[in-house]
Amino acid sequence: MFWDKPVEHNKYLWALSHWDITPVGSRVTCSPPPMNTDTDYLVLGNVRKIKKHLIAAGFRPEYRSKYNYNSIFYSLRYTNINVIVTSSKHFQRKFLLATSIAKELNLLEKYHRVALFQAILYDKHP
C-alpha cells in the first residue's frame, strides 16, 4: 500500500487503522497503467469518522453522492490521491465488480470505464 512509500505518505491515518481499503481506478484496471492519473482507493467504513480523519490529514472533500440505496459516498483528495469512502458493503461489492470487469477487459479508454461503472453502480445504460 502507499503508506509503505516514503515518509510523506506515512501521515495517512488509515495505515494503522482497521479500515477496509482497496486500490481502484485506472492504475489498477489498465495495462499498462497510466502514470499521469490519480491514485485511487475505495474505503469501506464509517463515512463520518473516515472523512473527519482524512480532512484532519489534509484531504479536501470533492464529491458527495446519494445513490439508489440512500447511502452516501464521499470522494476526498490530497494531491494526486483520491479516496472514495462508503459505508455500504453493497456499493463496495458493485464497485469492485466493475473494477474487476474493467481490469479483465483492459478498458483503456476512460469513457468505456465510466460507462461500465455507470451501468453496474447505477443501472444506467448508454
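A residue counts as buried when its relative accessible area is under 20%, and as exposed when that area is over 50%; anything in between is partly exposed. Phenylalanine 59 has a relative accessibility of 3%, so this residue counts as buried. The structure described here is a predicted model.

## The chain as a whole

The protein chain contains four helices and five strands. Followed along the sequence, these elements come in the order β-α-β-α-β-β-β-α-α. The chain has 126 residues, and 41% of them count as buried. Contacts can also be sorted by how far apart the two residues lie in sequence. Among the contacts between residues at least 6 apart, 45% join residues at least 24 apart.

## Aromatic pairs

Two rings are described by the distance of their centres and the angle of their planes. In this model the count comes to four aromatic pairs. One of them joins phenylalanine 59 and tyrosine 78, with 5.5 Å from centre to centre and 40 degrees between the planes, and this pair is tilted. The two partners come from distant parts of the chain, 19 residues apart: phenylalanine 59 sits in the loop between α2 and β3, and tyrosine 78 sits in strand β4. Tyrosine 78 is buried, because its relative accessible area is 17% and the limit for buried is under 20%.

Another pair is made by phenylalanine 91 and phenylalanine 95. Their ring centres are 5.9 Å apart and their planes stand at 50 degrees, so this pair is tilted. Both residues belong to helix α3, where they are four residues apart, which means that about one helical turn separates them. Phenylalanine 91 counts as buried at 2% relative accessibility, and phenylalanine 95 counts as buried at 9%. Phe91 and Phe95 also belong to one aromatic cluster, together with Phe73 and Phe117.

## The largest pocket

A probe the size of a water molecule, rolled over the atoms, shows where empty space is left. The largest pocket has a volume of about 750 Å³. Its lining is made of 23 residues, and those nearest the centre of the pocket are Asp40, Ile84, Phe95, Lys110 and Val114. Two or more lining residues come from each of α1, β3 (60–66), β4 (72–78), β5 (81–86), α3 (89–105) and α4 (110–122). Helix α4 gives the most, with seven residues. Sorted by class, the lining has ten nonpolar, seven polar and six charged residues.

## Residues of helix α1

Serine 26 lies in helix α1, which covers residues 26–29. Serine 26 counts as buried, with a relative accessibility of 9%. Its side chain makes a polar contact with the side chain of threonine 37 at 3.3 Å. Leaving out residues up to four places away in sequence, serine 26 touches Pro33, Pro34, Thr37, Asp40 and Arg113.

Valine 28 is found in helix α1 as well. Is valine 28 buried or partly exposed? At 25% relative accessibility, valine 28 counts as partly exposed, because 25% falls between the limits of 20% and 50%. Valine 28 touches Pro23, Thr99 and Lys103, again without residues up to four places away in sequence. From valine 28 to threonine 39 the distance is 8.9 Å, C-alpha to C-alpha, and the two are eleven residues apart in sequence.

## Two further buried residues

Leucine 54 lies in helix α2 (residues 47–56), and its relative accessible area is 0%, so leucine 54 is buried. Leucine 54 and arginine 77 are 23 residues apart in sequence, yet 8.9 Å apart in space, C-alpha to C-alpha. Threonine 86 is found in strand β5 and counts as buried at 0% relative accessibility. The side chain of threonine 86 reaches the backbone nitrogen of serine 88 at 3.1 Å.

The table sets out the accessibility of some of the residues described above.

| Residue | Relative accessibility | Class |
|---|---|---|
| Serine 26 | 9% | buried |
| Valine 28 | 25% | partly exposed |
| Leucine 54 | 0% | buried |
| Tyrosine 78 | 17% | buried |
| Threonine 86 | 0% | buried |
| Phenylalanine 91 | 2% | buried |

Conventions. Residues are numbered from 1 along each chain as its sequence is written. This is a predicted model: local features need pLDDT of at least 70, side-chain atom pairs count only at pLDDT 80 or more; totals for chains, interfaces and linings use all residues. Side-chain values use heavy atoms; hydrogens and water are left out. Buried means under 20% relative accessible area, exposed over 50%, partly exposed in between (1.4 Å probe, protein chains only). A polar contact is a pair of N or O atoms within 3.5 Å; within protein, one must be able to donate a hydrogen and the other to accept it, and residues adjacent in sequence count only if both atoms are side-chain atoms. Contact means heavy atoms within 4.5 Å. On a 1 Å grid over the protein atoms alone, a cavity is a set of points where a 1.4 Å probe fits but cannot get out, and a pocket is an open set with protein on both sides within 12 Å along at least five of seven lines; lining residues have an atom within 4 Å of a point. Grid points are joined across faces, edges and corners, and a volume is the space filled by probe spheres set on the points. Ala, Val, Leu, Ile, Met, Phe, Trp, Tyr, Cys and Pro count as nonpolar, Asp, Glu, Lys and Arg as charged, and the others, Gly among them, as polar. Rings of Phe, Tyr and Trp (its six-membered ring) pair if their centres lie within 6.5 Å; planes under 30 degrees apart count as stacked, over 60 as edge-to-face and the rest as tilted.
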